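User: Please examine the structure below and answer some questions on its sheets, helices and aromatic residues.

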Amino acid sequence: MSNPFVHIVEPLDPKEPLKKFFNLRKLEDVRYTHLPFSIRILLEAAIRNCDEFLVKKADVENILNWKVTQHKNVEVPFKPARVILQDFTGVPAVVDFAAMRDAVKKLGGDPEKINPICPADLVIDHSIQVDFNRQSDSLQKNQDLEFERNKERFEFLKWGSRAFKNLRIIPPGSGIIHQVNLEYLARVVMDQDGYYYPDSVVGTDSHTTMIDGLGVLGWGVGGIEAEAVMLGQPISMVLPEVVGYKLVGNPQPLVTSTDIVLTITKHLRQVGVVGKFVEFFGPGVAQLSIADRATIANMCPEYGATAAYFPVDDISIGYLIQTGRDKEKVLCTRRYLETVGMLRDFKNSSQDPDFTQVVELDLNTVVPCCSGPKRPQDKVAVSDMKKDFETCLGAKQGFKGFQVATDRLNSIVRFNFEGFDFELAHGSVVIAAITSCTNTSNPSVMLGAGLLAKKAVEAGLTVKPYIKTSLSPGSGVVTYYLRESGVMNYLSQLGFDVVGYGCMTCIGNSGPLPESVIEAITQGDLVAVGVLSGNRNFEGRVHPNTRANYLASPPLVIAYAIAGTIRIDFEREPLGINALGKKIFLKDIWPTRNEIQTVERQFVIPGMFKEVYQKIETVNKSWNALDAPSDKLYTWNPKSTYIKSPPFFDGLTLALQAPKTIEGAYVLLSFGDSVTTDHISPAGNIARNSPAARYLTSRGLTPREFNSYGSRRGNDAVMARGTFANIRLVNKFIDKQGPQTIHFPSGETLDVFDAAERYKQAGHPLIVLAGKEYGAGSSRDWAAKGPFLLGIKAVLAESYERIHRSNLVGMGVIPLQYLPGEDAGTLGLTGWERYTIVIPEKLKPQMNVQIKLDTGKTFQAIMRFDTDVELTYFHNGGILNYMIRKMAS
């Protein structure tokens, strides 16, 4: 390898003389040793690829001088070592790859050049739903139904695993992508082509950051950006600020890692870390297990940072051994990291790097808490939950309000379920789900939930039968240690049977509620509650009939399920009364930290991980039986409603078309703050009165066959119709929630897709107006692809969440941002105007452009193409068009 910056040091093992390098500087270089550990990995990645991407000595100097240059827009060509995908984002990625092969062939190139260059692992975890629960065979029934619904998609993915090199598919039923990555896929140190270098990863899921808890630098990107990385393109990113988050003290005995992460989420939202790295340090980190750190890193998108990094220490090395990694490789990993100055001792303050900002949390101040009712950052202490919810009931409609009339605050609706009479009220729990990679990856909270269930059953407590309870572990290892430790049976007795291995309730795959429950909620217009151990609780995400949703630790999910309501003060009110008439309080059954740790040490052992993961790719018999073609070009089925060749590359030529000024655009939608990708590109059920439902009906499908939006991400016709189809959408043009807007030329109120179609047929371009944090949430590429297909040319917002802005760039949609201190209100914009966005011939990153209104008003906005590479993508009409032209030529 000819590389002027490679720093060769002595081989780790004389019997295997592998070289290793980090940078051209000696480790004693004071600038290097003061760099945050996350920035050191960026530096390594830039140098490792310097031949290909022409990283010059000056660029290396810029990174070494990070503290000085961080505000000067220094670009780093970060080329991650790996890519991970899940099936909701993976299917459209493979669809794009198949379509790109067709496009390259049409332009006279070699279609097989469209092929992953770096290792790419796709874990199928988003398809299974909670259709069955509280039955001993729920798992098998849900998995059978998953295959019945998704057979065509799975056959397509199996074709992809055969047609493309370096693409490995982890079959359904194996677990959740991020937990599988943590327990099995992550290397921590790569050993490839005769060199050692730090592991790094990007993934088509925003919670890819979970792996940062193990010391692997990673974050979520849009599917479009990930495809470019898989094809060898680096991610060109501006050198970020790094916020040092200092942890001190010890957690209180009753506090869980979930409580810690919800506290950090609220804190960092207040600090403001969007677009920044957060790196954890301080003696408190040594008090956290890798599972605890992974929980904190997992929630990184909820506090808005790009990455939430925990450097590797001896606890990380111990975790690799605990999870069954090869001991010789683990020892080699440790020696390499120690040699290049990347092994951290959190108790040694002399190793503390320089940060652009330092904030601190004393772990002793954290108290048990939940978050909700509509956002992850809205933390509520458990002791305040009852009072807070009752305040939300009467408060004005918003993130913390439901605007329930005073005379209806104590409404009660009686209903019958399976021959017995029950009551529902505001705050009644109807969904209780132990779910999500955020918590099910953590043995301490999972065993804590199991021990609490054991004590609850022994105390004579039960869960009301109409509450939809479920347990969806992130890997088979979880079931293994719950069973071996003897708590699985108690969880089942409370209704928390294993219903599947996947994301399930956390992503809206919560399945149906009983009809009698839905009727009662509807009759009383009740604010029913979902409690889940997930990472997101945005409106309309968990279930259409749960208007309030709270994130909680697995033990608290069980506690609220037993209580049956969120309106309970655990300190003063009993969870329930047993058959003997005894009042049982939460404190009576809550397991101590010492109890949990004793069970964890005994039952979470390396043999479990080895046994589960050595057969992970072959254990699913239904997957093994799938028949898929092995042709290099995919044969599209015109009758398919799941897999369709997208129109993104129709009419693509080798010659570039100069960007044109956007003339007289109408505003399709006008939003306030915190519009999420759930609002833009919804997951979950397809409403029967929606444009997507009408399309599927026209193709001969019945509502039972609609499946979910997520499962149909390989069909642009469905996804375009599903764009802005969320029932909780708040559009300023309409006086109620719902997926509608005004078609200004006619004055009619229409479904968003129908209005966009009319504008398109008349040749009118469209834009969207938005407030702060536009595009928060999941890294859904369809949140950019959908608007592109609707004819939206630009979005004008106060601020963007990082991944969504990147996705808009990838699709050639212009992200515009108001100048500091300005917004729609200060500029007097109503959205009824028509907008002309002047695109100059010569563009530069983050330049101001002029916007002219048909009212005569003119103002400026920032064009949020942040790097020269992003401008290159824009000139090509998007990142995929750029890659096609590159491969074809």
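This is a predicted model: local features need pLDDT of at least 70, side-chain atom pairs count only at pLDDT 80 or more; totals for chains, interfaces and linings use all residues.

User: In the open sheet of 5 strands, which are the edge strands?
Analyst: The order of this open sheet is E5-E4-E3-E8-E9, and its pairing is parallel. An edge strand pairs on one side only, and this applies to strand E5 (167-170) and strand E9 (217-220). The edge strands are therefore E5 and E9.

User: Which residue of E8 is the bridge partner of Ile 84?
Analyst: Strand E3 (residues 82-86) and strand E8 (residues 200-203) are paired in the parallel sense, over 3 bridges. Within E8, the residue bridged to Ile 84 is Gly 203.

User: What angle does helix H8 make with E3?
Analyst: Two helices may be considered here. Helix H6 (residues 87-106) packs on the sheet, where it touches E3, strand E4 (120-123) and E5, and its direction is at about 110° to that of E3. Helix H8 (residues 177-185) lies across E3, E4, E5 and E8, and its angle to E3 is about 140°.

User: Which residue in E32 stands opposite Tyr 835?
Analyst: Strand E31 (residues 835-837) and strand E32 (residues 848-853) run antiparallel and are joined by 3 bridges. Opposite Tyr 835, the residue in E32 is Leu 853.

User: Is the pair of Phe 415 and Phe 422 stacked, edge-to-face or tilted?
Analyst: The structure holds 32 aromatic pairs. For Phe 415 and Phe 422, the ring centres are 6.0 Å apart and the planes are at 35°. Stacked requires planes under 30 degrees apart and edge-to-face requires over 60.

User: Which residues form one aromatic cluster with Tyr 634 and Trp 636?
Analyst: Tyr 634 and Trp 636 are themselves an edge-to-face pair, at 5.1 Å centre to centre and with 80° between the planes. Tyr 634 is buried, at 17% relative accessibility. The cluster also takes in Phe 97, Phe 156, Trp 159 and Phe 164.

User: At what distance from the ring centre of Tyr 642 does Arg 712 lie?
Analyst: An arginine lies over the face of a tyrosine in each of two places cited here. Arg 483 is over the face of Tyr 480, 5.4 Å from the ring centre. Arg 712 is over the face of Tyr 642, and the distance from the ring centre is 3.9 Å.

User: How many residues of helix H21 are buried?
Analyst: Helix H21 spans residues 554-563 and is mostly covered. Its buried residues include Pro 554, Tyr 560 and Ala 563. Just after H21, Gly 564 has a positive phi of about 80°. The count of buried residues in H21 is 10 of 10.

User: What is the relative accessibility of Asn 439?
Analyst: Asn 439 is placed in helix H16 (residues 437-440). Beyond its neighbours within four places in sequence, Asn 439 is in contact with residues including Thr 258, Met 446, Ser 533 and Pro 554. Asn 439 counts as buried, and its relative accessibility is 0%.

Technical notes
Residues are numbered from 1 along each chain as its sequence is written. Side-chain values use heavy atoms; hydrogens and water are left out. Rings of Phe, Tyr and Trp (its six-membered ring) pair if their centres lie within 6.5 Å; planes under 30 degrees apart count as stacked, over 60 as edge-to-face and the rest as tilted. Buried means under 20% relative accessible area, exposed over 50%, partly exposed in between (1.4 Å probe, protein chains only). A charge sits over a ring if NZ of Lys or CZ of Arg is within 6 Å of the ring centre and within 35 degrees of the ring normal. Helices (H or I, at least four residues) and strands (E, at least two) are DSSP runs, numbered from the N terminus. Contact means heavy atoms within 4.5 Å. Two strands pair if DSSP finds at least two bridges between them. Axes are lines fitted to C-alpha atoms, for helices over the stretch in contact, and angles run from 0 to 180 degrees between N-to-C directions.
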